[in-house]
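This report concerns the pocket, the aromatic contacts and the charged pairs of one protein model. The sequence and the structure are shown first.

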Amino acid sequence: MPVSLLGASEIRRLAADLDVTPTKKLGQNFVVDANTVRKIVQAAKVVASDRVVEIGPGLGSLTLAILETGASVLAVEIDHRLAARLPETAAAHGVPADRLSVIDADALQVRELPGAPEVLVANLPYNVSVPVLLHFLETFPFLQRGVVMVQAEVGERLAAPPGSKVYGAPSVKAAWYGPWRLAGTVSRQVFWPVPNVDSVLVGFERDAEPRGDEELRRRTFAIVDAAFQQRRKMLRQALSSVLGGSAAAASEALEAAGIDPTLRGEQLSIDDFARIARG
Ligand code: SAM
């Protein structure tokens, strides 16, 4: 039996049945359009042999579109009612039981993903999208690639190159793991309820070789945070607290890394920041 997708009226019926009124607090805007969930799965290039992890499956619309390809899904959902109902919904739509597992938990707290899925596909809860992405990339080295839907401003920031107006700490930290790209826009009208922000898809691919070990990552991220906390200041001032305690010591450390101390953080790439951290 082929996998079938959820339709708009079935989604509302399911929510009513579960007594779920979508909440802002959990970023619950459910996709009620089959073309959109298929578009996300296509952008992620999911194939039958993939093991996919989905954060926030909700009522299951994107989950079923992933499962339609033949891939298996591990879904992490914080709302107990939604987590409990998902296997039943999947079974009713033709999904063999062994292709879906559900973890009833806060994705920010998850430290293990059974089966080591290599692909992340999600319509992320917008209030925690960046922390959740960074937590997953940091904690699960087997995650190789992914496509996620996020608020447009967040997606633009994640994919921003150095020097652009929206380039910030999330852009640099995300780039630690590999390149990011914008992978499409999504209309507000495909959600229930309709959100008051625009959405985009962003994709990433993890670099073949990690940029450095955990110690270097922590040090790099601390320098990134300091640089962007005072983004209008020159690096020699913004980084004085993390590089030797004075502007003079920071200048010396920056020059040793081949970086002009009068630059600002927004002009530096992840490689520049990592070079400063290496010392
Ligand atoms: N994937 C579904 C869809 O596209 O229709 C739902 C997407 S909705 C934007 C976000 C989902 O993430 C909701 O189901 C919400 O309950 C869940 N969620 C919110 N915060 C979460 C967290 N910290 N960990 C796991 N799931 C979370």
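The model is a predicted one, in which local features need pLDDT of at least 70 and side-chain atom pairs count only at pLDDT 80 or more, while totals for chains, interfaces and linings use all residues. Residues are numbered from 1 along each chain as its sequence is written, and side-chain values use heavy atoms, with hydrogens and water left out.

**Salt bridges**

Side chains of opposite charge can pair when their charged atoms come close. A salt bridge is counted here when a side-chain nitrogen of Lys or Arg is within 4 Å of a carboxyl oxygen of Asp or Glu. The whole structure contains 16 salt bridges. Three of them are listed in the table.

| Arg85 | Asp17 | 2.9 Å |

The bridge between Arg85 and Asp17 joins distant parts of the chain: Arg85 belongs to helix 4 (residues 80–92) and Asp17 to helix 1 (residues 8–18), 68 residues apart. Helices (H or I, at least four residues) and strands (E, at least two) are DSSP runs, numbered from the N terminus. Accessibility is described by relative accessible area, with buried meaning under 20%, exposed over 50% and partly exposed in between (1.4 Å probe, protein chains only). Arg85 is buried at 18%, whereas Asp17 is exposed at 53%.

Asp50 is buried, with a relative accessible area of 8%, and Arg145 is partly exposed at 22%.

Arg231 is in the loop between helix 8 and helix 9 (235–238), and Glu266 in the loop between helix 10 (247–256) and helix 11, 35 residues apart. Both partners are partly exposed, Arg231 at 23% and Glu266 at 25%. Elsewhere, a network of salt bridges links Glu138, Glu214, Arg217 and Arg218.

**Aromatic rings**

Arg217 also lies over the face of Phe221, at 4.8 Å from the ring centre; this contact requires NZ of Lys or CZ of Arg within 6 Å of the ring centre and within 35 degrees of the ring normal.

Seven aromatic pairs occur in the structure. Rings of Phe, Tyr and Trp (its six-membered ring) pair if their centres lie within 6.5 Å, and planes under 30 degrees apart count as stacked, over 60 as edge-to-face and the rest as tilted. Phe140 and Phe142 form a tilted pair, at 5.6 Å centre to centre and 35° between the planes. Phe140 is buried at 1% relative accessible area, while Phe142 is partly exposed at 26%. Ring pairs link these two residues and Phe136 into a cluster.

The pair of Phe228 and Phe273 is likewise tilted, with ring centres 6.1 Å apart and planes at 40°. Phe228 lies in helix 8 (residues 214–229) and Phe273 in helix 11 (residues 270–278), so the pair connects parts 45 residues apart in sequence.

**Largest pocket**

The lining of the largest pocket divides into 18 nonpolar, nine polar and four charged residues; Ala, Val, Leu, Ile, Met, Phe, Trp, Tyr, Cys and Pro count as nonpolar, Asp, Glu, Lys and Arg as charged, and the others, Gly among them, as polar. A pocket is an open set of points on a 1 Å grid over the protein atoms alone, where a 1.4 Å probe fits, with protein on both sides within 12 Å along at least five of seven lines; lining residues have an atom within 4 Å of a point. The 31 lining residues include Leu26, Gly27, Gly56, Glu77 and Pro125, which lie nearest the pocket centre.
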